[in-house]
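Thanks for coming. Please have a look at the structure first.

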Amino acid sequence: MKEKTALVLSAGGMFGAYQAGAWRAINERFEPDLVVGASVGALNGWPIAGGSSPEEMIERWRDPALRQVLTRRGNRSYRFDPVPLREHARRIHEQFTPRVRFGLVVVKLQGFGNCLVEHPNVTVDHLQATASIPVCLPAVRINGCRYLDGGLIEKTPIWAAVEMGARKIVAVDCLRVSDFWVNVGMSAFRKLKRKRRIPEDVEITMIAPEAALGAWEDAVFWKRENVERWIELGQRDAARVLNKSFR
């Protein structure tokens with residue numbers, strides 16, 4: 001029986017443009033049997049699972065309208081208005097329907113645990129919730145429970161792909177920031193829960209930048225020059241890694 005191969009996409013905000021570049025190189029090598037994402041990785045993964053070409057993905061990231069997804073609020077409880085993110089999630093949800101198995105990860109506020117949600121159970125609410133960064137955006141209520149950003153505990157949800165049956169995984173981790181205190185904060189979140197163990201027979205190919213892609217502001221605010229640089233870097237890194245290790 002053919003081993004299931006998964007594409008796993010990490011959290012990372014605007015650094016998600018790196019994943020679009022990586023998808024261009026990955027798409028030349030194989031078609032994933034399933035796609036899993038957290039946060040922006042889910043917002044990228046849904047179109048990929050729905051048949052989006054690398055060029056479509058890249059053009060979406062080049063669109064200046066993306067700068068509106070995270071829009072500052074006034075003196076409110078949260079830094080950003082959740083409505084533009086929800087509209088972005090709605091457009092993606094309506095435009096694509098997964099052709100291969102798709103799963104995303106959200107964090108349930110009560111108990112602070114990772115939850116895997118698979119298509120066809122993925123709604124606009126789930127796509128919004130998986131990218132709802134604490135403090136920046138409010139939790140999303142789904143069926144009476146509140147959910148937050150899927151990358152809080154594990155930024156790259158390899159465990160979810162394993163749970164869906166994958167034994168060969170290509171993971172794209174774009175979340176590398178240069179800010180010391182941001183990294184400290186992210187580490188603190190992830191220490192709240194023990195990571196799930198991955199079976200030894202699972203083959204993992206990791207694609208990630210060698211250095212930080214930028215500061216936290218770069219991960220939050222869209223800039224054309226950053227997007228172009230990250231797309232190129234993602235494609236180059238993915239091609240290099242796949243040429244060496246993926247068979």
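A residue counts as buried here if its relative accessible area is under 20%. Keep in mind that this is a predicted model.

On that cut-off, tryptophan 230 is buried, because its relative accessibility is 1%. Phenylalanine 15 is buried too, with a relative accessible area of 0%.

These two residues belong together. The structure has four aromatic pairs, and in one of them the ring centres of phenylalanine 15 and tryptophan 230 are 4.9 Å apart. Their planes stand at 90°, so this pair is edge-to-face.

Where do phenylalanine 15 and tryptophan 230 lie? Phenylalanine 15 sits in the loop between strand 1 (5–9) and helix 1 (17–27), and tryptophan 230 sits in helix 9, residues 224–245. The pair therefore ties together parts that are 215 residues apart in sequence.

There is also an aromatic cluster, formed by Phe80, Trp216 and Phe221.

Now the helices. Helix 2 covers residues 40–49 and helix 4 covers residues 82–95. Their axes come within 10 Å and cross at roughly 15°. Angles under 35 degrees count as roughly parallel, so that is the term for helix 2 and helix 4. The crossing of helix 2 past helix 4 is left-handed.

Which residues make the contact? From helix 2 they are Leu43, Trp46 and Pro47. Helix 4 brings Leu85, His88, Ile92 and His93. Sorted by class, the contact of helix 2 with helix 4 has five nonpolar residues, two polar ones and no charged ones.

That is my part.

Terms used. Residues are numbered from 1 along each chain as its sequence is written. This is a predicted model: local features need pLDDT of at least 70, side-chain atom pairs count only at pLDDT 80 or more; totals for chains, interfaces and linings use all residues. Side-chain values use heavy atoms; hydrogens and water are left out. Rings of Phe, Tyr and Trp (its six-membered ring) pair if their centres lie within 6.5 Å; planes under 30 degrees apart count as stacked, over 60 as edge-to-face and the rest as tilted. Helices (H or I, at least four residues) and strands (E, at least two) are DSSP runs, numbered from the N terminus. Buried means under 20% relative accessible area, exposed over 50%, partly exposed in between (1.4 Å probe, protein chains only). Axes are lines fitted to C-alpha atoms, for helices over the stretch in contact, and angles run from 0 to 180 degrees between N-to-C directions. Angles under 35 degrees count as roughly parallel, over 145 as roughly antiparallel, 65 to 115 as roughly perpendicular and the rest as oblique. A crossing is left-handed if the near helix is turned anticlockwise from the far one by less than a right angle, and right-handed if clockwise. Contact means heavy atoms within 4.5 Å. Ala, Val, Leu, Ile, Met, Phe, Trp, Tyr, Cys and Pro count as nonpolar, Asp, Glu, Lys and Arg as charged, and the others, Gly among them, as polar.
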